[in-house]
Each structure stands twice: as structure tokens, then as C-alpha cells.
Amino acid sequence: MDTARWGSAVGVDRVHVEAARVVAGRTSPAPAELPAPVAADRLFELREGEQPFAGMHLTFRGRGNEQLVYTADEYPGVAFKVRWADVKFALEDLGVDALPHWVNGTIAEAGRAQLAASSISTTGRLERMRSMFGDGHSVPRGCGVVEFPFPGRVLRELGFSEVIDPEARYAMTAPVAVQEWRTLEGGLDLATGVQRPGQVSVAGVTRMGQKWVERSLPPGFEPELLTAVAPDSTVPAFIDAVRSRPELAASAREFLDSAREYTRSTGELLALRGRKNLYFDAEGTFHLIDTLGVHARLNSITKVEDKLRQIRDTGQRPPTTLGSVVTTIASLNALADEVGTEPYWELPEQLKPYPWDTYFGCIDWQSDGRRHEPQPVEKQQVVDETLRARPGAPGRSDGLTK
């Protein structure tokens, strides 16, 4: 049996089951009006002839860093999230040669199986997060892999290879999740920032590391240390707010205690860089929205420690991005100091004192830390040459569909 293809059929049923569960579990009415996409993102809309999906007519609402977001009239107040980045990652993991083979249809089983396995893992991780943090959050519900009608123009805009025909349609297997759509207004979000920094100094990074990661300097908030490495961080404004709002400080303390326990238990780091991934409503209650980070096998708190040790011992840049993770840890520890709780994570004693000047030189401060960061020109040229050398066969079979 083609288990991935069978999984896609099961995924369609589960989309409806989980969407109905979200509707039934709402404690407040679904939003009467939902935001329209910005003009620049209108090309992601599914046109007539590109519908339906799982028997529903979808309305495009927005593009996230790793997913496309839609709604359907059948399930008011439910967001349908299609994880396009997972498909891109599957191709990258299969190697440069996977691109022409994908179009030829010769990696179908490998691609689908990888996506199905990843989706099962993500669904389990979401359930674990929901059980550990308790009720009241809007944690997505995984639905498995489902065949989705990607227009070629959408894939090209998302950075897929030039081998994609923008006028064609690609029914590709992709992980899908559903989530309660909440109107996030009147509150505050806690985001450690995604914007690339301008001028970063050794002195500033050293002081940030010593103060909030190594914790060798006296407490006291210095917002410029965070905004220098993450200009769009909301942490300084959030800390200003907790100083005058006891209920917000108490909720921030509750979040930090829960997040610390979650990371200690699972090894996983929360995704807190983007806006409104973590939201505190007008009453101060915190809500998890999109805080699931990458799997611990790719980036765990243990791996952070290992990378910092590698820098200290060898002075060599780690193979994966570290700067944004350390900045997030420093931000959470700064907040922990302010609200009077234990740090989220602290540098182990055996790594103290830490050579932050060496760390500074090993970090690519212009990388945002996402796997789908635009490829360097040199690497893209290699991909393009490979594609020209291996033209696709006639027809429009993609290797991630049936």
C-alpha cells in the first residue's frame, strides 16, 4: 500500500473532523469580519479552476513565514494552514538533484513518505504542547498530509525552483493544520524579533550575553542591548508594561514558568520571534498562538549548549544559526528578572566565563535563522545548472502527489 497516498485521503477526513472540533470548542463567537490579505499577497489566492480543497472553497487570508492561511465558509472562525515550507524542506533534504526528479515524478514515494512522517511528528508535538500548557490557547491541530492545489505562480513566489511553470497547477501533498481564528486586539504580544540588525557591536553583544545568558552582571534592564540585535523586538515595550500592571506581570511569570518546564521536559525551544505568536490579552492572560518551534532533533536547548561549547573550544562558526536563539533566551531571562522568577535557561557553569567576543565573530548577524532563507547566489547557480542539464520529461507529474 502507498501509505503516504492513503495518509492524504485520511488527512482530508481529518481536516473536517478537526475543523468541526474547533468550531464546537469555541468559547466566544467567531469573528464577524476577517482581515483581507495585503495587496502584494493577492497572487496567493486560489482562482476558479484551482478549487476546491477537501471539498471546500477556500478564501486566502495571509502568508506566514512557513505557511499559507485560508478560511472556508463551512467552518466559520477556523484557519486552515498549509505548510508550504515543509514541502520545500523535503525537496532540499533530498538534495539538489531532487528538483528535476520532482518534476519528473521519480521521487514521489520518498517525498510523500518524508512529509507524512514529519506531519505525524508535528501533530504529536502540538498535542503535547496543548496538554502541557492547558486550556485557553489556540494551539493548531494537525490534520496529516493532504493534496493541495498549488498554482505554479504561488510556488515561484515562495522561492521554489525556476523549473516550476507559473501557469501550471501542482496538486502537491502538504501538511495541513486547522486553528481557531482569534481576534488579537487590545492586548500585547511578546516577540523577540525577526528584523535583521544594523550595526552590531562586540561590546553590546558581550554585555547582553554576560547579563542575561551567563548572568554574571547585576540585574537591571537595558533595552538597547536587545534592540541592537533585534530592532523589532517588543520585549522592551512589554517590560515597560509589566512594571505598571501587576496582572500582566503575574501572567508573564506564569508563562515563563510553564515555558521553562516545557523546554526542560521536551528539549524544544518555543518560536517567539514573530509578532503575535505569543499574545497577552487586555486582561493580561497569555495565549499561545503559533509558538511551536522546530523539532528538538534540529534545534534543542542541548544543541544550543553544544554549539556554544563548539565556539568556545574551536572558534568556528556552528553549521546552523545560533544568534537568534541566544537573543530569544536573553530576552526571556531579562523578562524573568523583571517579574521575579527563575531564568528560562542559564549558561552552564562549565562554560563560564564565556568568550562573547569569539561568539560575536562566529554569528552571521544578517541571517534570520530560517531554513528557507534565500540561497546564496553561488548555490542557486549550481541548482540552475543542474536543472538545465536535466530537463523535465513531458507532462506535469510532480513527485509529491499521486
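Modeller: One term before we start: a residue is buried when its relative accessible area is under 20%. Also, this is a predicted model.

Biologist: Fine. How many residues of helix 2 are buried?

Modeller: 8 of its 10 residues are, so helix 2 is largely enclosed by the rest of the structure.

Biologist: Which ones are buried in helix 2?

Modeller: The run Trp 84, Ala 85, Asp 86, Val 87, Lys 88, Phe 89, Ala 90 and Leu 91. Asp 86 and Lys 88 are on that buried list too.

Biologist: And for the protein, what percentage counts as buried?

Modeller: 52% of the 402 residues.

Biologist: Zoom in on strands 2 and 3. How many bridges do they pair over?

Modeller: Strand 2 (residues 68-72) and strand 3 (residues 78-82) pair over 3 bridges, in the antiparallel sense. Tyr 70 has Phe 80 of strand 3 as its bridge partner.

Biologist: Switching to helix packing. At what angle do helix 8 and helix 11 pack?

Modeller: About 10 degrees, with the axes 10 Å apart. Angles under 35 degrees count as roughly parallel, so helix 8 is roughly parallel to helix 11.

Biologist: Which residues make the contact?

Modeller: From helix 8 (residues 235-242), Val 235, Phe 238, Ile 239 and Val 242. From helix 11 (residues 323-339), Ser 331, Ala 334, Leu 335, Glu 338 and Val 339. By class, the contact has 7 nonpolar, 1 polar and 1 charged residues.

Biologist: What about confidence? What is the mean pLDDT?

Modeller: It is 84, and 84% of the residues reach 70 or more. Over residues 1-7 the pLDDT is below 50, and that stretch has 10 contacts beyond near neighbours in sequence. Residues 372-402 also stay under 50, with 69 contacts beyond four places in sequence.

Biologist: Last one. How many helices and strands are there?

Modeller: There are 13 helices and 8 strands. Of the contacts with a separation of 6 or more, 72% join residues 24 or more positions apart.

Definitions and conventions:
Residues are numbered from 1 along each chain as its sequence is written. This is a predicted model: local features need pLDDT of at least 70, side-chain atom pairs count only at pLDDT 80 or more; totals for chains, interfaces and linings use all residues. Side-chain values use heavy atoms; hydrogens and water are left out. Axes are lines fitted to C-alpha atoms, for helices over the stretch in contact, and angles run from 0 to 180 degrees between N-to-C directions. Helices (H or I, at least four residues) and strands (E, at least two) are DSSP runs, numbered from the N terminus. Angles under 35 degrees count as roughly parallel, over 145 as roughly antiparallel, 65 to 115 as roughly perpendicular and the rest as oblique. Contact means heavy atoms within 4.5 Å. Ala, Val, Leu, Ile, Met, Phe, Trp, Tyr, Cys and Pro count as nonpolar, Asp, Glu, Lys and Arg as charged, and the others, Gly among them, as polar. pLDDT is the predictor's confidence in each residue, from 0 to 100. Two strands pair if DSSP finds at least two bridges between them. Buried means under 20% relative accessible area, exposed over 50%, partly exposed in between (1.4 Å probe, protein chains only).
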